[in-house]
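Keep the sequence at hand and follow along.

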Amino acid sequence: MSTLSLPLPLARRGRRPLPGFGLSLGLGLAWLSVVVLLPLAALAIRAAGLGMDGWLRAIQDPRVQASLKLSFSASLVAALVASLAGALVAWVIVRYRFPGRRLLDALVDLPFALPTAVAGIALTAIYSANGWVGRWLEPMGIKIAYTPIGIVIALIFIGLPFAVRTVQPVLEALGHEQEEAAASLGASRLTTLRRVVLPELLPALLTGFSLAFARALGEYGSVIFIAGNLPYKTEIAPLLITIRLEEYDYAGAIAIAALLLAASFVCLLAINAIPSLFAHERKGARRDA
């Protein structure tokens, strides 16, 4: 039966490859609940069962405090560096044409496909005292492997793709017209970057930073090899969760996991709020103009 012979409302709607909204929504929510919501709800319920006193008692342990401080500080530094480096890489990929450009674009996604344990072993082999890079830095007193610096490098490695992939589509949509208009009005390169490019990239930069920070906060595989896992020095919070479980200290493991879950949830809220916030500001600026 052709579309012309169908009733007018059905012809306008056309046939959809998936069933109706109600059934599709129900199936989607069911899968989401089984895979994501139920495990997170179980963790939240177990964490609530500890009570405030039990949760604080587990978090205030000096070893836990040291691991949390290291995880949050290293994730913050790594996310900042990954955001800046990712914006630069995205700029090069979008604005320039050169041999190997597509290869560079493909290599950006390598941390997504590479097992994190393999990445950790590779980074350790490179930056250890006998590694390709570490052997040159060690005589100068610069030690990377088994130090917080190595942890930051590993977190930059896994966070860089998030920064690149959030900035890249914005640069592609931005085009050259606004920059050329600013240059024709006598604006310098620095002024064009500060007044034209950065305001357009800022929401994407903040989104990439939030994604990289949330990813780094829960990273495990690529860090444990290069960190050295020394208590109070290079022991990250996800590793301490595993140690607490091996010690049958379920309350301590749940307390740390709940804190990391809350931090990641705040990052996700920020990611969803950033576009709406900047869209509201732009509407206000247009009304004022």
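**The overall layout**

Among contacts in the chain between residues at least 6 apart in sequence, 75% join residues at least 24 apart, where contact means heavy atoms within 4.5 Å. Please keep in mind that this is a predicted model, in which local features need pLDDT of at least 70 and side-chain atom pairs count only at pLDDT 80 or more, while totals for chains, interfaces and linings use all residues. Residues are numbered from 1 along each chain as its sequence is written, and side-chain values use heavy atoms, with hydrogens and water left out.

The chain has 13 helices and zero strands. Here helices (H or I, at least four residues) and strands (E, at least two) are DSSP runs, numbered from the N terminus. Of the 289 residues of the chain, 35% count as buried; buried means under 20% relative accessible area, exposed means over 50%, and partly exposed lies in between (1.4 Å probe, protein chains only).

**The nonpolar cores**

In soluble globular proteins, nonpolar side chains tend to be buried together. A nonpolar core, as used here, is a set of buried Ala, Val, Leu, Ile, Met, Phe, Trp, Tyr and Cys residues joined through side-chain atoms within 4.5 Å. The largest such core in this model has 38 residues, and those with the most contacts inside it are Leu68, Ile151, Leu155, Val223, Ile256 and Leu260. At least two residues of this core come from each of α2 (21-59), α3 (62-95), α8, α10 (189-217), α11 (221-227), α12 (237-246) and α13 (250-288). The biggest contributor to this core is α13, with seven residues. Apart from this, a second, separate core of twelve residues includes Ala90, Val94, Val167 and Leu201.

Leaving aside residues up to four places away in sequence, Leu155 touches Ala74, Ser75, Ala78, Ala216, Glu219 and Val223.

Two packed helices are described by the angle between their axes and the distance between the axes. Axes are lines fitted to C-alpha atoms, for helices over the stretch in contact, and angles run from 0 to 180 degrees between N-to-C directions.

How do α8 and α10 cross? Their axes come within 8 Å and cross at roughly 160°. That makes α8 roughly antiparallel to α10; angles over 145 degrees count as roughly antiparallel, under 35 as roughly parallel, 65 to 115 as roughly perpendicular and the rest as oblique. The crossing of α8 and α10 is right-handed, a term for the near helix being turned clockwise from the far one by less than a right angle, with anticlockwise giving left-handed. Among the residues that meet here are Leu155, Phe162 and Val167 in α8, and Leu201, Leu211 and Ala216 in α10. By class, the contact of α8 with α10 holds 14 nonpolar, four polar and two charged residues. Ala, Val, Leu, Ile, Met, Phe, Trp, Tyr, Cys and Pro count as nonpolar, Asp, Glu, Lys and Arg as charged, and the others, Gly among them, as polar.

Next, look at α3 and α8, whose axes come within 5 Å and cross at roughly 40°. These two helices are therefore oblique to each other, and the crossing of α3 and α8 is right-handed. Their contact has 24 nonpolar, five polar and two charged residues.

Helix α6 (residues 116-127) also meets helix α8 (residues 148-174): the axes come within 11 Å and cross at roughly 135°. Ala119, Leu123 and Tyr127 in α6 meet Ile153, Ala154 and Phe157 in α8. This contact has six nonpolar, no polar and no charged residues.

Seven of the ten residues of α12 are buried, so α12 is largely enclosed by the rest of the structure. The buried ones include Leu239, Ile241 and Arg244.

Most residues other than glycine have a negative phi. Asn229, though not a glycine, has a positive phi of about 60°. Asn229 sits in the loop between α11 and α12 and counts as partly exposed, at 27% relative accessibility. Tyr248 likewise has a positive phi of about 60°. Tyr248 lies in the loop between α12 and α13 and is exposed, with a relative accessible area of 64%.
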